[in-house]
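Here is a short note for someone opening this structure for the first time. It covers how the chains are related and where they touch.

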Amino acid sequence: MDLLGSLDVADLASAFSRLPLFPLFDLGYFVVSLLYLRYEKGAVELSRSSPVASWACAMLYCFGSYILADLLLGGAPLDCFSNNGSILLATAVWYLTFFCPLNLFYKCVSFLPVKLVFVAMKEVVRGRKIAAGVHHAHHAYHHGWAVMVIIGFVKGSGVALMSNFEQLLRGVWKPETNELLHMTFPSKASLYGALLFTLQQTHWLPVSKVTLLFSFTLFMMVCKVFMTATHSHGSPFALVEGPLCSVLFGSAPPAAHEDPHQHHYEPSHHHPQHEPPAKSREELNEGTRKRKAKKAE
Amino acid sequence: MDLLGSLDVADLASAFSRLPLFPLFDLGYFVVSLLYLRYEKGAVELSRSSPVASWACAMLYCFGSYILADLLLGGAPLDCFSNNGSILLATAVWYLTFFCPLNLFYKCVSFLPVKLVFVAMKEVVRGRKIAAGVHHAHHAYHHGWAVMVIIGFVKGSGVALMSNFEQLLRGVWKPETNELLHMTFPSKASLYGALLFTLQQTHWLPVSKVTLLFSFTLFMMVCKVFMTATHSHGSPFALVEGPLCSVLFGSAPPAAHEDPHQHHYEPSHHHPQHEPPAKSREELNEGTRKRKAKKAE
Amino acid sequence: MDLLGSLDVADLASAFSRLPLFPLFDLGYFVVSLLYLRYEKGAVELSRSSPVASWACAMLYCFGSYILADLLLGGAPLDCFSNNGSILLATAVWYLTFFCPLNLFYKCVSFLPVKLVFVAMKEVVRGRKIAAGVHHAHHAYHHGWAVMVIIGFVKGSGVALMSNFEQLLRGVWKPETNELLHMTFPSKASLYGALLFTLQQTHWLPVSKVTLLFSFTLFMMVCKVFMTATHSHGSPFALVEGPLCSVLFGSAPPAAHEDPHQHHYEPSHHHPQHEPPAKSREELNEGTRKRKAKKAE
């Protein structure tokens, strides 16, 4: 009975790893990513005043991880733009998110139960991307541990790592914060995931890749769906990170949601209204979001 | 008679497409580009205080399109620097523009009739670059429509797309604007031209490449020479863009020369003197330019 | 006797050029580079609040020249991260510099006599890097003079050329200055060194490469050790640069240590406390440094 159970899980994990991402899961990824773009201050106005800049931002949100990983590995950053199906799908989602009559599309996908399904689908894509990134880097650098971890991390974090430059495209500049300075839960999870996949790839972690992918994706789906549903801000890593950091680096890391402004060592007279940093948006209160979006319309 | 006429145009277009760009037309491109660099606030002082930074900026103005296109296609951004003839010519034009005794060179090339000739020559190079960019991208990605359009656009727009970083090199930082947020006429024309050349390359536009190149170059030459000669600010695309944008994006695009500061969604306390954005310089009033340049001397 | 002497020098130069850099000289390079990172305002606090960002900065300080050169030549910027030995060594030095109990490591390496040894070792690595950069560029572009000089310059200057982006990683943004605007002695020396190595590589300079490398390294070691030991700010190039610049560019370059704020053409209301630019840190007074570092603890 126990044997059967373990067989079932292995079969399930193997079947899961063979699921095609395009078009269904990619759709989920694009919908959630562009929803976050729309939550950004000024994004709706931008889509009206300069659709080209808005489209370029949307592409960074959808394909940022591919662009950055290709750049770091010496490939062509435009490589992902040669995939016409993905580009068309992402463009369609962008158009519907910003220009659908009566805002029907936006209202549908930001309806919580619908959104939770898309959030879960996004995590499936994230897990697969990290695994593919580590595999790709391993192919290029057989013993390049650091390269594998970095590429996996970049593939999982996506546009967050280039948020300063994505904002610059929209005419916004917030040099006092970036994703490495104030890591959000998805980025931290991508970093730890990339570490695990690298250990697996180099045979230090005695599990099969499909099992690891399955478990990691399940963990991310549960966490993100729970966090989105409850507007929770706690990081499940805080329990481990606290003691570990105080041993390794002599101090606990700041809790993910302390006011990040207390860490600034630069006076920022040019940002008088102390707004929360852009990158904590993934955990913004749902209500605030809706109010903001309504004002923007 | 009609047949003869069409033959003549086809012959002319074909001969035109075989004209070598180096050194004559490249010279025109460099002269006009570096004239625009010199019009920039602080550019003359910069050439005195740090010639190395000034030279680096000049190279971005002359070769920005190649650098960006190579970067996006995974090539070596320094590739164009291996062409000693072009580099020497650009360096000579830079030196004459900024350091010629009595400002003789600058006075000659900014004399309107002379300048109009160079402006026309620059448009010949621009058309050829867009066509070459689309062709190159088509070679790398046979069905990569988006890649072809982007590379054509980048090759036509040149340094404008990296203006934020070019300004940073000169110690200037204007994050609230960039070329995608407020597209100038040359960039818009490059985008539409790249679209046309991509349609031609993929056989959706039933004209020969030489004819398209000839017509596009002619259109650009007429427009730019007319705009430079009359200090006109109207975009010939406004008539088409207005209705199209209001159908597609639910709003007309802002006229190219409304005060762009009204689109800012960020208070910019650190830019008290509301100056026009750097990228509208191509249409700056000729008189203002001369006065500015004189003050700078 | 004279023959013997010249033989000895040639032998010495040849033996010197075959010295392995890893691990001893690389250690010196990493120690001095990370010492300069620690001198930066806010670097110690950053290492506590976000070790990931601090590690990323440290890697830029240690491998910035490789990353930039690979990027410019179309290679993979992560290439150097595949060298596990170097990465581990740099990470160890970073950890010891910032997190060693009682600051023992920092106190040891910033003790002047010890530091002078490391400074001398860093110059050995710099010389070797410039020579390797020019050689590499020559291999890729046989007649690309400009490419050889640029790559040599980039390999010698390292992180200084990307200081704006390195600062951005730490949440600091100082657009009004960069290495090209206010070149420090090491950057100028790298530029002139790259010129010499390029002339040697293309057989215009009739000396052997090992002799040139030996003389250049010796010159740099003497200069930097002297400047570090005496807190001297004078550039040995000033004597030649002054007349040359006034002939070529019609004005003497500003002395390296005039207040660079007088060159700003942008009002900088958001930087009220006029601090010296980050990049003059290599010549900061030793005493000031120690006081700052003590306050930071």
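1. A point of method comes first. Copies are superposed by least squares on the C-alpha atoms of residues with pLDDT of at least 70 in both. The model is a predicted one.

2. Now the relation between chain A and chain B. A rotation of 120° brings chain A onto chain B, with 0.0 Å of shift along the axis. The RMSD of that superposition is 0.0 Å. The two copies are therefore related as by a three-fold rotation axis. They use different surfaces: of the contact residues of chain A, 8% recur in chain B.

3. Next, the contact of chain A with chain B. Chain A brings 26 residues to it, and chain B brings 28. Four helices of chain A each supply at least two residues of this side: H3 (43-49), H4 (51-72), H5 (84-99) and H9 (163-169). Which of them gives the largest share? H4(A) does, with four residues. By class, the side of chain A that touches chain B holds 14 nonpolar, nine polar and three charged residues.

4. Then the contact of chain A with chain C. Here 28 residues come from chain A and 26 residues from chain C. Helix H8 of chain A, residues 145-157, gives the most to the side that touches chain C. Its contribution is four residues. The classes on that side of chain A are 14 nonpolar, 12 polar and two charged residues.

5. One thing to check in the viewer. Please look at H4(A) on the side that touches chain B, then at helix H8 of chain A on the side that touches chain C.

Terms used:
Residues numbered from 1 in each chain as written. Chains lettered and ligands numbered in written order. Predicted model: local features only at pLDDT ≥ 70, side-chain atom pairs only at ≥ 80, totals over all residues. Contact = placed C-beta atoms within 7 Å. Nonpolar A, V, L, I, M, F, W, Y, C, P; charged D, E, K, R; others polar.
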